[in-house]
Amino acid sequence: MSKDDLQQVRFWPIMIAIFFGSFVSILSMSTINIAIPILSDHFHTDLSKIQWTITGFMLASGTIAPITGYLGERFSYKRLYALALVGFTVFSFLCAIAWDAPSLIAFRIIQGAFSGLIMPATMTIVYQVIPRDKQPIAISLWSLSAMMAPAIGPTLSGWLLQNWSWHWLFLMNVPVGIVAIILVMKLIPFYRLSVPKKFDLIGLVTVVTSSLSLLVAFSQGHAWGWTSGKVIGLFALGIVILLLFIWRELSVETPLLNIRVLKNSRYTLTLIISSIVTISLYSGTFLTPIFLQNIQHVTPLDTGLILLPASLVMALSMPIVGKLYGIVGPRVLMFSGIALIALGTLTLSWLSVDVSRGYIVFWMIIRNLGIALATMPSSNAGMEQIPRTMSGHATSISNWVRNVFGSFAIALFTSVLSSKTATHVTDLASGGLKDKAQIGMLSFTMSVNDVYLLATFIVLVALPLTLFVRKRKVEAAPSTPVVTAKTAEQ
């Protein structure tokens with residue numbers, strides 16, 4: 001694209017194309033969770049095996065994220081996004097016709113790899129194509145697509161499972177994916193800011209090895225034991241190879257992932273804040289459905305309906321946050337958002353076995369409103385200082401780090417939930433309580449409260465960090481970088 005072309009980019013067509021792809025990729029993560037027992041029965045396999053339809057998807061998605069920057073520069077972000085959608089759609093269909101558990105797991109892993117390309121690719125397109133003055137609202141809409149999917153995912157999944165079959169959890173992605181592919185090809189302009197001179201094979205091997213090692217260690221630590229040889233070995237391998245990767249990327253002329261963007265203190269600070277918010281986000285999506293279904297025996301469909309108001313509030317607040325960003329700046333929004341997250345998470349640590357659903361709905365709304373206030377500013381405040389030519393690498397790092405911390409959050413909360421439940425069972429039994437069913441419900445509820453309290457302390461760490469992120473005027477400048485390949489695609 002030429003400078004004139006970029007100055008005349010059509011905001012809404014591009015954002016519509018980005019919205020569809022981001023929405024369908026995130027939706028596929030949130031719909032399958034409550035189908036795990038059904039898939040286990042259908043394929044006559046145990047839960048620990050079928051759980052790999054989720055774990056494998058997350059591992060593939062997190063492992064592929066670091067190389068998005070190179071692939072986008074090599075093939076252009078438009079083509080990468082379109083290719084990712086094609087692969088995602090094809091493997092969604094293959095998941096629907098899977099004939100056994102291993103085939104479903106294999107297809108889900110490959111689907112996860114294509115899904116892992118979509119979010120960083122779409123985020124990069126926003127920062128490279130959309131003018132600076134419109135980027136806050138663009139990122140709000142980009143975040144809205146990611147928030148709406150989990151908002152309706154559990155409810156939609158419950159309805160499909162109750163009225164149709166698990167196959168439709170994957171088949172519904174096909175028409176949406178096809179529409180998204182058409183929109184991308186028609187509405188997103190072709191451009192290329194730079195083309196890598198060489199391919200860093202050593203960088204690829206080291207980043208994939210380190211990412212996979214750390215993600216597997218986090219995701220399987222609870223099942224294998226945190227002090228087991230396998231988990232300790234994977235952590236050691238992951239850390240050593242990660243250090244080798246960092247050394248390699250700092251010394252090579254054409255790095256696979258340019259980690260020099262971390263020299264920008266504002267970007268690094270907001271990345272830390274965003275990672276902490278991600279951990280807190282996972283506490284609610286992980287704990288509340290488990291509590292409702294295990295303790296209050298709520299059906300999957302009703303669980304989705306209970307979570308729906310809070311998720312919709314979070315989703316519908318995103319465009320408003322985009323407007324407020326230019327008025328009050330990131331610091332006020334992030335501070336207010338994290339304070340609300342902490343308040344909502346703290347009050348959810350006071351659950352009882354017979355707590356009213358209205359109580360849960362209200363405090364989940366408060367909590368999710370805080371997430372809406374904090375998410376976009378923590379993403380945009382750092383990215384607005386990154387040059388367009390480096391934005392692909394910056395978004396790759398952001399998505400990579402968030403994937404790792406998401407896996408860490410689930411592993412941490414699962415482990416604490418299990419260990420605290422065992423402790424409370426012992427304490428209640430030694431305290432004279434005899435009813436085993438009552439002990440089970442009380443101990444599990446108390447352990448859920450313990451995990452929510454831990455999540456509260458974690459998110460409070462980010463509160464003082466927000467004070468260092470000042471409002472900064474962004475010059476509406478050249479929306480356009482130097483173009484090194486053909487300028488347009490008809």
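**View 1. The buried pair Glu-384 and Arg-266, shown in a predicted model.** Both Glu-384 and Arg-266 are buried in this structure, which is a predicted model. Glu-384 forms a salt bridge with Arg-266, and the closest N and O atoms of the two residues are 2.8 Å apart. The pair links distant parts of the chain, since Glu-384 belongs to the loop between helix 17 (357-383) and helix 18 (388-430), while Arg-266 belongs to helix 14 (residues 265-294), and the two are 118 residues apart. The structure holds 1 salt bridge.

**View 2. Phe-19 and Phe-23 in helix 2.** Both phenylalanines lie in helix 2 (residues 11-30), where Phe-19 and Phe-23 are 4 residues apart, about one turn of the helix. An α-helix has 3.6 residues a turn, so residues three or four places apart point the same way. Among the aromatic pairs, the count of which comes to 12, the rings of Phe-19 and Phe-23 have centres 6.2 Å apart and planes at 5°, so this pair is stacked. The two residues fall into separate classes of accessibility: Phe-19 is partly exposed, with a relative accessible area of 23%, whereas Phe-23, at 16% relative accessibility, counts as buried because the limit for that class is under 20%.

**View 3. An aromatic cluster, and two charged ends over rings.** Ring pairs link Phe-91, Trp-99, Phe-107 and Phe-114 into a cluster. Elsewhere in the model, a charged side chain is placed over an aromatic ring. The charged end of Arg-74 sits over the ring of Phe-75, at 5.2 Å from the centre of that ring. The charged end of Lys-230 sits over the ring of Trp-224, at 4.2 Å from the ring centre.

View 4. With a relative accessible area of 73%, His-44 is exposed. Ser-76, which is likewise a residue other than glycine, has a positive phi near 85° and lies in the loop between helix 6 (68-75) and helix 7 (77-96). At 1% relative accessibility, Ser-76 counts as buried.

**View 5. The covered helix 5.** Helix 5 is mostly covered, with 11 of its 13 residues buried. The buried residues of helix 5 include Thr-53, Ile-54, Phe-57, Leu-59 and Ile-64, and also the glycines Gly-56 and Gly-62. The 13 residues of helix 5 (residues 52-64) should span 18 Å at 1.5 Å a residue, and the end C-alpha atoms are 17 Å apart, which agrees.

View 6. The largest share of the patch, 4 residues, comes from helix 15 (residues 300-328). Val-328, which has its place in helix 15, is partly exposed, with a relative accessible area of 34%. The buried residues of helix 16 include Pro-330, Leu-333, Met-334, Ile-338 and Ile-341, together with Gly-337 and Gly-344.

View 7. Gly-440 lies in helix 19 (residues 436-460) and is partly exposed, with a relative accessible area of 33%. From C-alpha to C-alpha, Gly-440 and Ala-422 are 9.5 Å apart in space, and in sequence they are 18 residues apart. Arg-357 lies in helix 17 and, at 41% relative accessibility, counts as partly exposed. Arg-357 and Ser-219 are 138 residues apart along the chain, and their C-alpha atoms are separated by 30 Å.

Conventions. Residues are numbered from 1 along each chain as its sequence is written. This is a predicted model: local features need pLDDT of at least 70, side-chain atom pairs count only at pLDDT 80 or more; totals for chains, interfaces and linings use all residues. Side-chain values use heavy atoms; hydrogens and water are left out. Buried means under 20% relative accessible area, exposed over 50%, partly exposed in between (1.4 Å probe, protein chains only). Rings of Phe, Tyr and Trp (its six-membered ring) pair if their centres lie within 6.5 Å; planes under 30 degrees apart count as stacked, over 60 as edge-to-face and the rest as tilted. A charge sits over a ring if NZ of Lys or CZ of Arg is within 6 Å of the ring centre and within 35 degrees of the ring normal. A salt bridge is a side-chain nitrogen of Lys or Arg within 4 Å of a carboxyl oxygen of Asp or Glu. The expected span of a helix is 1.5 Å times one less than its number of residues.
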